[in-house]
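Hi,

Here is the structure I promised to pass on to you. Have a look at it first, and then read my notes below.

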Amino acid sequence: MLLTMTMAAEAKVTVSKAAFGKMPDGTAVDVYTLKSDSIEAKITNYGARIVAIRTADKAGKVGDVVLGYDSLAGYLADKKTYFGAVVGRYGNRIAKGEFKLDGKTYQLPQNNDGNTLHGGTVGFDQHVWTAKQTADGVEMSLVSKDGDQGFPGTLTAHVKYTLTGNALRLDYSATTDKDTVVNLTNHTYFNLGGVGSGTIVDEDVTLNADKFTPTDKGLIPTGVLQPVEGTPMDFRKGLVIGKHINDKYEPIVLAGGYDHNWVLNGAAGVSKTAARVHDPKSGRVLTVTTTEPGVQFYTGNFLDGSFKGPGGVVYAKRTGLCLETQHYPDSPNKPSFPTTELKPGQTRHSTTTFTFTAEK
Ligand code: BGC
């Protein structure tokens, strides 16, 4: 009896591997399919990216709820969106691509209006990671050499994807051989109505945050933690995205919609609910939990229709939303923010889980 039950539990997740394409230098890239009784997730080792997540709506209809491409070629041609990628070494922005550590100034590539975005011109999203299949997922590893994109220290990063029932869990870890800074996240664009169903503005979002970090026009935080109370940034009780997205409220005007870091309630390092997204049409619900202190809620304002997905679907403005669990942008230059510094002998761990359900 016991044996049968164990076998049944083990049979719940299957993992398989297939070819996804070849890098210009001939390196083979794969895609791993993780399948449980309720979710199918596809992960490639190019950028350790989530390529697809197929899950049922309230009527039981299965659809892909993340923006992506069906082969490596699509990802190689798109250096703008970061679809599904693990971004690093430093997710989001560092002002003027510059920071001081142990009295030394480091200069990074300025790839975003004079600032550094998502780790520089060749971030972790553009690397082929080493993949290791596990019983219920896949573990991606990358070694970023001392001086890679201007960052000090050889950084070894691991992102372990594990599927359990309706939850896809990401366990990040990083170590270094010299003092450095690190901020890893995942840049998946979700559209709970399904890819190709239009924009995400009718979806409603709840963010577990009393404060956010307002920015200058280059989207660099001013350093202030501003209460959301009484502003269009107040998602504590749930808010339809489109309700205030075009308001003449300065932070929204500067970002062209939502593209900000919310300061999550609860202790950093402890898992807590960060966000909940609900699509009233399909009934699909995404719940995001994390140990990180912040989340970048980005409404795909810069998607401009120049990239097309499977079947010719056009990735137009606001057709996907990101919930990038993270340390706050520009932390290396903001001593009052939770530190992103990592020293030899330490391991930076974080965990983020995406759980999918459907409501009638
Ligand atoms: C940033 C956006 C940026 C986007 C790139 C987000 O994390 O906050 O400003 O345009 O990534 O796809």
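Let me start with the ligand. Of the 14 residues around the ligand, those that come nearest are Arg93, His118, His187, Asp259 and Glu324; a residue counts as near if one of its heavy atoms lies within 4 Å of the molecule. By class, this shell has five nonpolar, five polar and four charged residues, where Ala, Val, Leu, Ile, Met, Phe, Trp, Tyr, Cys and Pro count as nonpolar, Asp, Glu, Lys and Arg as charged, and the others, Gly among them, as polar.

Before going on, please keep in mind that this is a predicted model: local features need pLDDT of at least 70 and side-chain atom pairs count only at pLDDT 80 or more, while totals for chains, interfaces and linings use all residues. Residues are numbered from 1 along each chain as its sequence is written, and side-chain values use heavy atoms, with hydrogens and water left out.

Two backbone details deserve a look. The peptide bond from glycine 88 to arginine 89 is cis, with omega near 0°, and arginine 89 lies in the loop between β6 (86–87) and β7 (93–94). Histidine 118, in the loop between β10 (116–117) and β11 (130–134), has a positive phi of about 50° although it is not a glycine.

As for the fold, the chain has three helices and 28 strands (DSSP runs of H or I with at least four residues, and of E with at least two). Its radius of gyration, taken over C-alpha atoms, is 20 Å, close to the 21 Å that the globule rule (2.2 Å times the number of residues to the power 0.38) gives for 360 residues, so the chain is as compact as a globular protein of that length.

Best wishes
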